[in-house]
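Open the model in a viewer with the sequence alongside. The stops below are given in the order in which to select them.

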Amino acid sequence: MVYLTSWDDFVEKSVQLFRADPEKTRYVMKYRHCDGKLVLKVTDDKECIKFKTDQAQDAKKMEKLNNIFFTLMARGPEADISEASGKEHMEAQPVKKGRGRKQ
């Protein structure tokens, strides 16, 4: 069980772990409200990596990691994860106007 201190290292290693054995890899999130700590864990029962934080800004990073794992699970372990970046894709869509009649 290894705690990584760098977010980028954690994401890179967890994606490598998933691509090596997608059938056995698990991703677990644990939040302790009393401490305000978030622990993310990725394991395949042979190797276990963890990332611990108490920073609120890391919640956005966690959301991006979730999107990466959703992409890998849905499209397969060899899928391109460069487009699984979260809300940037949604913000690029045109904004719809109100619900009134078309004129």
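A salt bridge here is a side-chain nitrogen of Lys or Arg within 4 Å of a carboxyl oxygen of Asp or Glu. Side chains of opposite charge can pair when their charged atoms come close. The model is predicted, so local features need pLDDT of at least 70 and side-chain atom pairs count only at pLDDT 80 or more, while totals for chains, interfaces and linings use all residues. Residues are numbered from 1 along each chain as its sequence is written, and side-chain values use heavy atoms, with hydrogens and water left out.

**Salt bridges**

A search of the whole structure finds 3 salt bridges. Select Asp 35 and Arg 32: their closest N and O atoms are 2.7 Å apart. Asp 35 counts as partly exposed because its relative accessibility is 42%; Arg 32, at 42%, is partly exposed as well. The classes are buried under 20% relative accessible area, exposed over 50%, and partly exposed in between (1.4 Å probe, protein chains only).

Next, select Arg 26 and Asp 45, a salt bridge with closest N and O atoms 3.1 Å apart. This pair links distant parts of the chain, 19 residues apart: Arg 26 is in strand β2 (residues 26-32) and Asp 45 in the loop between β3 and β4. Helices (H or I, at least four residues) and strands (E, at least two) are DSSP runs, numbered from the N terminus. Arg 26 is partly exposed at 39% relative accessibility, whereas Asp 45 is exposed at 57%.

Then go to Lys 61 and Asp 58, where the closest N and O atoms of the salt bridge are 3.4 Å apart. Both residues lie in helix α2, 3 residues apart, about one turn of the helix. Asp 58 is buried, with a relative accessible area of 7%, and Lys 61 is partly exposed at 33%.

**Strands**

Show β2 and β3, which pair in the antiparallel sense over 7 bridges; two strands pair if DSSP finds at least two bridges between them. Lys 30 has Val 39 in β3 as its bridge partner. The two strands form a hairpin with 4 residues between them, and Gly 36 in the turn has a positive phi of about 70°.

Leu 40 stands opposite Phe 51 in β4. This hairpin also has 4 residues between its strands, and Asp 45 takes a positive phi near 75° there. Of the 7 residues of β3, 5 are buried, so this strand is largely enclosed by the rest of the structure.

Select the buried residues of α1: Trp 7, Phe 10, Val 11, Ser 14, Val 15, Leu 17 and Phe 18. They cover an arc of only 160° around the axis (taken from the directions from the helix axis to the C-beta atoms), which puts them on the same side of α1. Asp 8 and Ala 20 are exposed on the other side.

Which elements are included in what covers the buried residues of α1? β3, β4 and α2 are among them.

Finish with the largest nonpolar core, which has 17 residues; Trp 7, Phe 10, Leu 40 and Leu 65 have the most contacts inside it. Such a core is a set of buried Ala, Val, Leu, Ile, Met, Phe, Trp, Tyr and Cys residues joined through side-chain atoms within 4.5 Å. The elements that give two or more residues to this core are α1 (7-20), β3 (37-43), β4 (48-53) and α2 (58-75), and α1 gives the most, with 6 residues. Centre on Leu 65: leaving aside neighbours within four places in sequence, Leu 65 is in contact (heavy atoms within 4.5 Å) with Trp 7, Phe 10, Val 11, Ser 14, Tyr 27 and Leu 40.
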